[in-house]
Amino acid sequence: MKRILQYGMTTNYGGIEAFIMNIYRNIDRNKVQFDFIVNTNEKISYENEIESLGGRIIRQKYFSRKRYPFRHYVELYQYFKQNKDLVAVHINKANIRDIDLLILAAIFKVPVRIIHSHTSNGNKMKFLEKLNKKIIKWTATHFFACSDEAGKYMFGDDYTVIKNGIDIEKYSFNKEIRKEIRCRYHIKDDDFIIGSIGRFSKEKNTLFILEVFVEVHKNISNSKLLLIGNGPLLEEIKIKIKNEKIEDSVIVLGEVDDVYRFYSAMDLFLLPSMYEGFGMVLLEAQVSGLKCLASKDRIPSLVNVTNRVEFILLEEGRKLWADKAIEYVKYERNSEIKSIVNAGFDSKDIARKLKDVYLEGRAYG
């Protein structure tokens with residue numbers, strides 16, 4: 001059994017974390033096992049599941065380069081020195097600022113060194129990021145991206161798109177689960193539930209979701225908003241909910257590890273992000289047959305596999321978004337498993353192909 005080093009797991013239940021776990025659950029663990037190197041002392045997302053599957057969580061004691069630059073590099077050096085049986089390093093990034101692991105993997109001649117872009121960040125690269133963009137050309141063996149937008153942002157023209165696979169059957173629409181979740185949170189059968197899942201941050205535009213819901217609620221009194229996640233805007237969100245006097249109509253949940261169940265309880269999904277590398281939650285929502293509203297020119301159109309995603313410019317404002325949301329109070333809800341599989345988003349197939357990359361160093365495909 002060969003070991004693979006994965007980097008990208010955090011305390012959040014975000015798109016990168018979901019991608020890694022969907023691969024881990026479906027890969028042949030008799031042939032490969034994962035080490036997860038993390039730069040936090042807190043419990044990471046899916047930690048219990050990782051350990052139950054045989055994964056090792058490697059916590060960096062000196063993960064802050066600014067505070068402990070020497071100790072930071074010594075610690076990483078010692079890890080690679082003690083784990084010379086590593087056959088691959090898979091670095092999942094939403095930026096190109098920190099490539100220490102990639103450089104050390106190259107120094108220790110780890111055969112397969114993957115840098116995987118998960119963002120189409122519209123911000124211009126700073127000097128260090130531009131420098132790192134040149135360095136990775138010499139240190140990585142494979143350049144992966146979750147979309148063309150993410151690939152062009154981080155690499156230019158030299159990359160391979162790896163679709164963000166999901167465990168499709170888990171996300172299929174389930175009437176019994178819908179009933180169970182709605183009952184748990186005192187949601188009536190005929191309530192119109194708008195949902196969103198993601199980090200509460202400016203990039204995810206969480207406050208805009210609230211603004212859209214306020215407009216919807218003016219027209220549909222039995223509408224409710226279900227927000228799943230956590231992040232720096234949590235307190236601001238709570239204040240806004242109170243100021244708008246919609247406490248009884250907004251359900252704010254923290255991070256949940258069975259997020260797939262909540263799609264069945266929703267009626268419409270919103271993702272007005274400022275930018276996304278792919279927008280994995282939109283794919284998950286589509287499997288469940290949900291109609292989705294997403295920000296145009298900010299989220300790759302590749303994610304619209306079933307034509308259930310309608311893209312709207314953020315500049316159109318909350319009123320138009322609300323009007324569009326109201327149009328989807330009623331529609332035919334069908335599971336879209338076949339469409340997602342045919343489009344190549346089955347994590348079982350993607351995991352099989354990645355296993356061959358890890359073990360044999362071949363090109364993906």
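The structure shown is a predicted model.

**Figure 1. Overall view of the protein chain.** The protein chain contains 13 helices and 13 strands. Its radius of gyration is 21 Å, close to the 21 Å that the globule rule gives for 365 residues, so the chain is as compact as a globular protein of that length. Along the principal axes, the C-alpha atoms of the protein chain fill a box of roughly 60 × 40 × 35 Å. Of the 365 residues, 55% are buried. Among contacts with a separation of 6 or more, 70% are made by residues 24 or more positions apart.

**Figure 2. Helix α4 and the elements around its buried residues.** Helix α4 spans residues 100-107. Its residues D100, L101, L102, L104 and A105 are buried. The strands against which the buried residues of α4 pack are β1 (2-7), β2 (32-38), β4 (86-93) and β5 (112-117). The helices that they pack against are α3 (69-82) and α5 (127-139).

**Figure 3. Two lysine residues with positive phi.** K109 follows α4 and is found in the loop between α4 and β5. The phi of K109 is near 55°, a positive value in a residue other than glycine. With a relative accessible area of 70%, K109 is exposed. K245 is found in the loop between α9 (234-243) and β10. Its phi is near 60°, which is again a positive value in a residue other than glycine. At 72% relative accessibility, K245 counts as exposed, because the cut-off for that class is over 50%.

**Figure 4. The aromatic pair of F144 and Y364.** The structure holds 17 aromatic pairs. One of them, formed by F144 and Y364, is edge-to-face, with 6.1 Å from centre to centre and 65° between the planes. This pair links distant parts of the chain, its members being 220 residues apart. F144 belongs to strand β6 (residues 142-145), whereas Y364 is in the segment after α13 (347-360). Both F144 and Y364 are buried.

**Figure 5. The aromatic pair of Y185 and F262.** The rings of Y185 and F262 form a tilted pair, 6.1 Å centre to centre and with 45° between the planes. Y185 counts as partly exposed because its relative accessibility is 24%, whereas F262, with a relative accessible area of 1%, is buried.

**Figure 6. An aromatic cluster and two lysine residues placed over rings.** Y24, F34, F36 and Y358 form one aromatic cluster. In a separate view, K163 lies over the face of F345, at 5.0 Å from the ring centre. A further view presents K291, whose charged end sits over the ring of Y331, 6.0 Å from the centre of that ring.

**Figure 7. The surroundings of D167.** D167 is found in the loop between β7 (160-161) and α7. With a relative accessible area of 13%, D167 is buried, because this value falls under the cut-off of 20%. Leaving aside its neighbours within four places in sequence, D167 is in contact with N22, S347 and K348.

Figure 8. The structure holds 0 disulfides. For C292, the closest cysteine sulfur is that of C146, at 17 Å, which is too far for a bond because a disulfide needs sulfur atoms within 2.5 Å. C292 counts as buried, with 1% relative accessibility. C183, by contrast, counts as exposed, with 58% relative accessibility.

Definitions and conventions
Residues are numbered from 1 along each chain as its sequence is written. This is a predicted model: local features need pLDDT of at least 70, side-chain atom pairs count only at pLDDT 80 or more; totals for chains, interfaces and linings use all residues. Side-chain values use heavy atoms; hydrogens and water are left out. Buried means under 20% relative accessible area, exposed over 50%, partly exposed in between (1.4 Å probe, protein chains only). Rings of Phe, Tyr and Trp (its six-membered ring) pair if their centres lie within 6.5 Å; planes under 30 degrees apart count as stacked, over 60 as edge-to-face and the rest as tilted. Helices (H or I, at least four residues) and strands (E, at least two) are DSSP runs, numbered from the N terminus. A charge sits over a ring if NZ of Lys or CZ of Arg is within 6 Å of the ring centre and within 35 degrees of the ring normal. Contact means heavy atoms within 4.5 Å. The radius of gyration is taken over C-alpha atoms; the globule rule is 2.2 Å times the number of residues to the power 0.38.
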